[in-house]
Amino acid sequence: MKEPGRGEVAQLWLVLLPRPLELNAAATATGLEPALVAKLATQPEAAEFIAQAVVGEELQLRARQGWLLERLRDKMRLRKHEWNLLEQRLRHQLGPHVEHHWSEEGTVTRDLDLRPAGEWVLNELSFTGGFALWFREHEQEGGADLSTLASQAAGAPVEARGELEFDRSRLELLEGLPQRVLRAMSNMSPAGKLAYRSLELAVMKGLAQGSPAVEQRMRETARPWWKFWN
């Protein structure tokens, strides 16, 4: 499956994800010359990633997501209705999510030398899926039920509830999706498992700091939570 890679087409694709832009606006957002942006957008190899249309007398560009959705489909095994829900959600919410969380001074930026644009987005989806799955499994009205986690860590029954400080706007990207979809997204890369684990460890650390007795029991169990805190 082709993707726009690490070059100028990838840079243009990222800045177009939140919304279509006219040629001059796209040039300003990328820092490229308008003539170069026009050349990039109209070359045949960019057609899978960037769509173009004439609006009034201006050339308008928008990011295509089809290639990305196909890559995502290859990484997960979902039922048809689950995939339809996910695709609809991403087509409407991926752009606003990227704009809100990846913007610097109003421009969407990522280090494309570190990884290609597609990998950035797929990692973000898996990462967000891990967070969303954790809250779906543990959160109830009035706070998160932490009793199971606390009991596993302490090796004895522990009743625990609490509120976690977390930027809930990140979860809006996948809001309303079935739990099975969230689990599939979380499992498709190490980023999702890391996100899920990071919330779990934050809870354990908070419980240990709040009670020396609980911390001691946690240190005596076979599951070495404390190794992640030092």
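Val-54 stands opposite Leu-59, a residue of strand E3, in this predicted model. Strand E3 covers residues 58-63 and runs antiparallel to E2, with six bridges joining the two. Helix H1, residues 8-16, packs on the sheet that these strands belong to and touches E1, E2 and E3.

**The three-stranded sheet**

- The sheet is open and has three strands in the order E1-E3-E2, with antiparallel pairing.
- Strand E1 (21-22) and strand E2 (50-55) are at the edges with a single partner strand each, so one side of each has no neighbour in the sheet.
- The direction of helix H1 makes about 90 degrees with that of E3.
- The hairpin of E2 and E3 has two residues between the strands, and Gly-56 in this hairpin takes a positive phi near 70 degrees.

- Most residues other than glycine have a negative phi.
- Glu-105 is worth a look here: it is not a glycine, yet its phi is positive, at about 55 degrees.
- You can find Glu-105 in the loop that lies between strand E4 (103-104) and strand E5 (107-108).
- Glu-105 is exposed, because its relative accessible area of 85% is over the 50% cut-off.

**The largest pocket**

- Rolling a probe the size of a water molecule over the atoms shows where empty space is left.
- The largest pocket holds about 200 Å³ of space.
- Its lining includes Ala-132, Phe-135 and Arg-136, along with Glu-139, Arg-168, Leu-171 and Glu-172.
- Leu-174, Glu-175, Gly-176 and Leu-182 also line the largest pocket.
- Helix H6 (residues 117-138) gives the largest share of this lining, with three residues.

**The protein as a whole**

- The protein contains 10 helices and eight strands.
- Of its 230 residues, 45% are buried.
- Taking contacts between residues at least 6 apart in sequence, 67% join residues at least 24 apart.

How values were computed:
Residues are numbered from 1 along each chain as its sequence is written. This is a predicted model: local features need pLDDT of at least 70, side-chain atom pairs count only at pLDDT 80 or more; totals for chains, interfaces and linings use all residues. Side-chain values use heavy atoms; hydrogens and water are left out. Two strands pair if DSSP finds at least two bridges between them. Helices (H or I, at least four residues) and strands (E, at least two) are DSSP runs, numbered from the N terminus. Contact means heavy atoms within 4.5 Å. Axes are lines fitted to C-alpha atoms, for helices over the stretch in contact, and angles run from 0 to 180 degrees between N-to-C directions. Buried means under 20% relative accessible area, exposed over 50%, partly exposed in between (1.4 Å probe, protein chains only). On a 1 Å grid over the protein atoms alone, a cavity is a set of points where a 1.4 Å probe fits but cannot get out, and a pocket is an open set with protein on both sides within 12 Å along at least five of seven lines; lining residues have an atom within 4 Å of a point. Grid points are joined across faces, edges and corners, and a volume is the space filled by probe spheres set on the points.
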